[in-house]
Amino acid sequence: MTSEFALISCVVLVAQGDLAEPTPMNLAQLQQAFSWDFDAPIDVQTVADGLQVSFGIGGNIAVLIGKSVVLVVDDQFSELIAKVNHAIAELRGGAVNLAINAHRHFDHAGGNKELSPAGTWIVCNVHAVEMMPKNNIINLVIAM
């Protein structure tokens, strides 16, 4: 995956019913536009024995801790993986063995950049595999 994977995106501003031309934004600009705080703590809540959900930025991460596997569904931003790993360790889990990407967007699959080199198996749709290494514009909408 290229380093630009999480950096190229687009916000469409909606003002008085008119759509403005999309303007590509990098991750720092998106952080400001959406008030994403990568320094904020990750809130982890238990859903069932061995099943937790962490509430982060851009979405939630399901964490299933078994006897020999730690599985996550959606790994969010690469900038959050250290915090996610720390939260899993506090739950007495080990390294993430398996990550399932619900879809290819950077706020759900950006953590692949950190997890894959660490040995995590990544599971996703074949179309996501084709799209993730490319620079893609993702249209996000902010209502004004």
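Is serine 35 buried or exposed? Serine 35 counts as exposed, because its relative accessibility is 63% (buried means under 20% relative accessible area, exposed over 50%, and partly exposed in between, with a 1.4 Å probe and protein chains only). Bear in mind that this is a predicted model, where local features need pLDDT of at least 70 and side-chain atom pairs count only at pLDDT 80 or more, while totals for chains, interfaces and linings use all residues. Residues are numbered from 1 along each chain as its sequence is written, and side-chain values use heavy atoms, with hydrogens and water left out.

**Helix H2**

- H2 covers residues 81-90, and its buried residues are Ile81, Val84, Ala87 and Ile88 (helices, H or I with at least four residues, and strands, E with at least two, are DSSP runs numbered from the N terminus).
- Looking down the axis of H2, you'd see these buried residues fall within an arc of 120°, so they line one face of the helix (the arc is that of the directions from the helix axis to the C-beta atoms).
- Over on the other side of H2, Ala82 and Glu90 are exposed.
- The buried residues of H2 pack against strands E4 (43-48), E6 (60-65) and E7 (70-73), plus helix H4 (112-115) (contact means heavy atoms within 4.5 Å).

**Nonpolar cores**

- The largest nonpolar core has 12 residues, among them Ile42, Ile61, Val72, Val84, Ala99 and Leu115 (such a core is a set of buried Ala, Val, Leu, Ile, Met, Phe, Trp, Tyr and Cys residues joined through side-chain atoms within 4.5 Å).

**Positive phi in the loops**

- Serine 35 isn't a glycine, yet its phi is positive at about 55°.
- You'll find serine 35 in the loop between helix H1 (27-34) and E4.
- Arginine 92, also not a glycine, has a positive phi near 70°, and it lies in the loop between H2 and strand E8 (98-100).
- Arginine 92 counts as exposed because its relative accessibility is 79%.

**Around isoleucine 122**

- Isoleucine 122 sits in strand E9 (residues 121-123) and is partly exposed, with a relative accessible area of 29%.
- Setting aside neighbours within four places in sequence, isoleucine 122 is in contact with Ala99, Asn101, Asn112 and Ser116.
- The C-alpha atoms of isoleucine 122 and valine 73 are separated by 9.9 Å, with the two residues 49 apart along the chain.
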